[in-house]
Amino acid sequence: MLEEIRQELDELKRLGLYRSMRQVQGAQGSRVVLDGKEVVLFCSNNYLGLADHPLLKEAAIRAVERFGTGSGAARLVSGTMELHGELERRIAAFKGTEAALVFNAGYAANVGIIGALAGKGDVIFSDRLNHASIVDGAILSRARLVRYPHNDLAALRRLLQNTDCQGRRLIVTDGVFSMDGDLAPLAGIKALKEEFGCLLMVDDAHGCGVLGEHGRGSAEWCGVADGVDIQMGTLGKALGSFGAYAAAKQEIIEYLVNRARSFIFSTSLPPAVLAASIAAL
Ligand SMILES: *Cc1c(COP(=O)(O)O)cnc(C)c1O
């Protein structure tokens, strides 16, 4: 068994696909120390430099003093603290939606939201370059997964026309694509969603905080905020903290509370992290 694993690792090395972690010294910033040398950091998602901001650090420290270090349980048990509600109200206000729900990470959010919204008998239409967590959420949901060519509205329309579905249809796309940095054509996707009566979910991990007049993300940038049913975003990139959210109408948020397994069965975020996100917003 270990021998097989060793061979597979060697094979990865041979193919140039072996990965290992490089350790950064000190706090995250535009310049960090790597192997004893100062370098300029271009690959981080800490777009606004908030990960080491004095106001976020102070908010986190104060939250620890007042509320402790852990939440002790999942949200539906006893893990809902004052700061969870405050952060959700602020996210909803920031995104201009009726409600919001905090998840423990973007990965957990996508797996939970997609698994809640789609299941057996439903179809998920997913851009071919969508983030791995969307793909994993779609696979776990047991819905049929239809991947459409990257940002190709004509192909998406054909697939919507030609795919039989008695259940729900969910279109899901990154707002800003995490590897190429290009944007989804959200106005065109919104028009298709309306024409075919689908739900639309946008993963705005890289758009939240940096795109649009108020930094609300790619839906604001494209002028379609009202047409996106579920705006998912993360708190660990531009916002300098950790966690993720879904922003949507009240019914959808209530539904996620009752159906999203990564929300239901996981200990909630701790006070320091919530306070940092609130300060960032
Ligand atoms: C980073 C990222 C995620 C995962 O978010 P985490 O909070 O890091 O788990 C999901 N979707 C996209 C598009 C991302 O870039």
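N151 sits in the loop that runs between strand β6 and helix α6 (153–162), where helices (H or I, at least four residues) and strands (E, at least two) are DSSP runs numbered from the N terminus. This is a predicted model, in which local features need pLDDT of at least 70 and side-chain atom pairs count only at pLDDT 80 or more, while totals for chains, interfaces and linings use all residues. Residues are numbered from 1 along each chain as its sequence is written, and side-chain values use heavy atoms, with hydrogens and water left out.

- Most residues other than glycine have a negative phi.

**D127 and its surroundings**
- D127 is part of strand β5, which covers residues 123–127, and a polar atom of the D127 side chain lies 2.7 Å from the backbone nitrogen of N151.
- Although D127 is buried, D127 has no salt bridge, and the nearest side chain of opposite charge, R128, is 7.6 Å away; a salt bridge here needs a side-chain nitrogen of Lys or Arg within 4 Å of a carboxyl oxygen of Asp or Glu, with Lys and Arg counted as positive, Asp and Glu as negative, and His and the chain ends not counted.
- Leaving aside neighbours within four places in sequence, D127 is in contact (heavy atoms within 4.5 Å) with Y148, P149, H150, N151, V172, T173 and F177.

**Helix α3**
- Helix α3 (residues 82–95) has 14 residues and spans 20 Å from its first C-alpha to its last, close to the 20 Å expected at 1.5 Å a residue, the expected span being 1.5 Å times one less than the number of residues.
- The buried residues of α3 include L83, L87, E88, I91 and F94, and among the elements that cover the buried residues of α3 are α2 (54–67), β4 (99–103) and α11 (271–280).
- Just after α3, G96 takes a positive phi of about 70°.

**Cysteines**
- With a disulfide taken as a pair of cysteine sulfur atoms within 2.5 Å, the count comes to 0 disulfides.
- C198 is in no disulfide, and the nearest cysteine sulfur, that of C165, is 8.5 Å away.
- C198 counts as buried at 6% relative accessibility, whereas C43 counts as exposed at 68%.

How values were computed
Buried means under 20% relative accessible area, exposed over 50%, partly exposed in between (1.4 Å probe, protein chains only). A polar contact is a pair of N or O atoms within 3.5 Å; within protein, one must be able to donate a hydrogen and the other to accept it, and residues adjacent in sequence count only if both atoms are side-chain atoms.
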